[in-house]
Number of protein chains: 2
Amino acid sequence: MYKNDLYLRALKGETLERPPVWMMRQAGRYLPEFIKIREKYDFFTRCRTPELASEITVQPIRRYGMDAAILFSDILVIPQAMNIEVEMKPNFGPWLPNPIRTQKDVDNVIVPDVTVELDYVMQAIKATKELLNNEVPLIGFAGSPWTILCYCVQGQGSKNFDKAKEFCFTQPILAHTLLQKITDTTIAYLKEKVKAGVDTVQIFDSWGGMLSPTDYQEFSWKYINQITEALKDDAPVIAFGKGCWFALEEMAKSNVSALGVDWTISPQMARKFAGNKITLQGNMDPSRLLSTPSEIKKIVTKMINDFGKDKYIVNLGHGILPNIPLDSAKAFIDAVKEYKA
Amino acid sequence: MYKNDLYLRALKGETLERPPVWMMRQAGRYLPEFIKIREKYDFFTRCRTPELASEITVQPIRRYGMDAAILFSDILVIPQAMNIEVEMKPNFGPWLPNPIRTQKDVDNVIVPDVTVELDYVMQAIKATKELLNNEVPLIGFAGSPWTILCYCVQGQGSKNFDKAKEFCFTQPILAHTLLQKITDTTIAYLKEKVKAGVDTVQIFDSWGGMLSPTDYQEFSWKYINQITEALKDDAPVIAFGKGCWFALEEMAKSNVSALGVDWTISPQMARKFAGNKITLQGNMDPSRLLSTPSEIKKIVTKMINDFGKDKYIVNLGHGILPNIPLDSAKAFIDAVKEYKA
């Protein structure tokens, strides 16, 4: 089906010559060809225009030849479709002028018909599949319901999402109503993405690690698991929980096909918590791409040896930073391609 | 020596009727009596005036009767004394107009005579001891060298301290020179604090958890351990590393008397990693103080049962937030005092 199917085979746990590699946020801010597009079109225009989203998606594949593409989009297209106003302010990030705080706010949130409201994403997937021409698989994604709630309630990025937590801890019933609406929308959205052509879906729980293990179960994992269960006959699901090391054991027992881990856990600990049956994905510190290319190659080789070459997908522990030199990103990818067991 | 020595006895691992309790940042922004002082005096005036610092230190003890006081001060008094300009901007936080980036910047950093440059801290300790009148012990503190470096290089607070990490990963020799200067100053400072009257010292590694386990050893733990070794005949040292669960096993083997843990680790896991010999301190999510008083009492009782009442100091998992109701802070303290095994 694909000229290069390493990524899909790693998800199935097959024995491979080398692990596949891609980078979170590989389509984006560190690439000059992306910056050129950004100069002409604002953030949501890029997301909403299939020609732009697909072009941005394949840019890193053309330049570096990663083993999988990930659709250029944003986790906040979901709340946008749910009747929540979301802006992306340059040099600031997400800005939601009317954050969710009350019963009335939650009542106003709708579970949309994603085939209408998010059709532009489906068109972008189809355009991308044409550009990719069966070279490598395409990953679709969504934010975890908890992470989406964080932005909807806080109204912007935050060091500790204190307002989001206040909302959950003082109005838990309301919080669960909102989380369920986000979950229902996300399930419909991801199923539609699979129909449109993505081969796997990744759920980004960027802020799960801000919760205690007990609160994580209640406010985050419960909903990720609902999504995973709903998608199990559609496509492999990869769950990435930043800072969620404490839940790896539980997550590994679910129907996810792989678990993404950040750089604050050693490969050995990640394998110990998650067991040896599940595929793991990660986890170099994105800031380590500021080291010299020869250091990067050493770190990557050690990382593959420590995770083991099978049931493993090489990645960063979070998104690539905007100030990474092109040669350093290349060194990261090349180190994997040159890997010899 | 003290009318209430529960805290010191918990550090020694003695069997107690109940664990001691205090709260990180207990002297501060959630207290109306503190806010009154803040209206009249700016941040560093409060730190530098022994009458103000000592009054602020004892305010929470008077109101709630915690089992230990912690000197009102700031981790950034150290870089200030080292010839680095540090401002505290209202509604913004620390601001260092000339962040450290080059060899010349590091050369200009001095290891000061702390008995001169930080004499105001020693005077604040003496004034506090008088006010405390042997009721409870007094804790002194410092930031970890890595956490201090984060501010010195980044120049302000940050979500990921990317510039601090860039400095360490691209100019490691320079980073180690700076870390050693901070370590030498911190050792002299903490020894002087003990002479002035603090009973224990806590090292706050607020940003250690931003590093990978390997980088944590190189850039943070190595220096905390130097401080611990240097202080071992002076006073008990408590190390608090936010997000540093991955290093607990190693830290527990050192000469620290206790380890502070944040709320993202369960008590059971913390005991498993740190072993059963060392006293642990923590770890309720500060945002959980937004729950109702009756919920808070349930969470605290469960937390004591899960950590075990001995070799344990009840605390939050990080500093108390500014928007915590007074009754909720009281519920937290009272739950410990009312605890029955």
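Trainee: What makes β4(A) and β5(A) a pair of strands?

Mentor: Strand β4 (residues 138-143) of chain A runs parallel to β5(A) and is joined to it over five bridges, and two strands pair if DSSP finds at least two bridges between them, so the two qualify as a pair. One of these bridges sets G140(A) against V201(A) in β5(A). Helices (H or I, at least four residues) and strands (E, at least two) are DSSP runs, numbered from the N terminus. This is a predicted model, in which local features need pLDDT of at least 70 and side-chain atom pairs count only at pLDDT 80 or more, while totals for chains, interfaces and linings use all residues. Residues are numbered from 1 along each chain as its sequence is written, and chains are lettered from A and ligands numbered from 1 in the order in which they are written.

Trainee: Why is β5(A) called largely enclosed?

Mentor: A residue is buried if 20 or more other C-beta atoms, placed from the backbone, lie within 10 Å of its own, exposed if 12 or fewer, and partly exposed in between. Six of the six residues of β5(A) are buried, so the rest of the structure largely encloses this strand. Both faces are covered, with T200(A), Q202(A) and F204(A) buried on one side and V201(A), I203(A) and D205(A) buried on the other.

Trainee: What makes the relation of chain B to chain A that of a two-fold axis?

Mentor: A rotation of 180° with 0.0 Å of shift along its axis superposes chain B on chain A, with an RMSD of 0.0 Å, by least squares on the C-alpha atoms of residues with pLDDT of at least 70 in both. That is why the relation is that of a two-fold axis.

Trainee: How many residues does each chain give to the contact?

Mentor: Chain B and chain A give 23 residues each, two residues being in contact if their C-beta atoms, placed from the backbone, lie within 7 Å.
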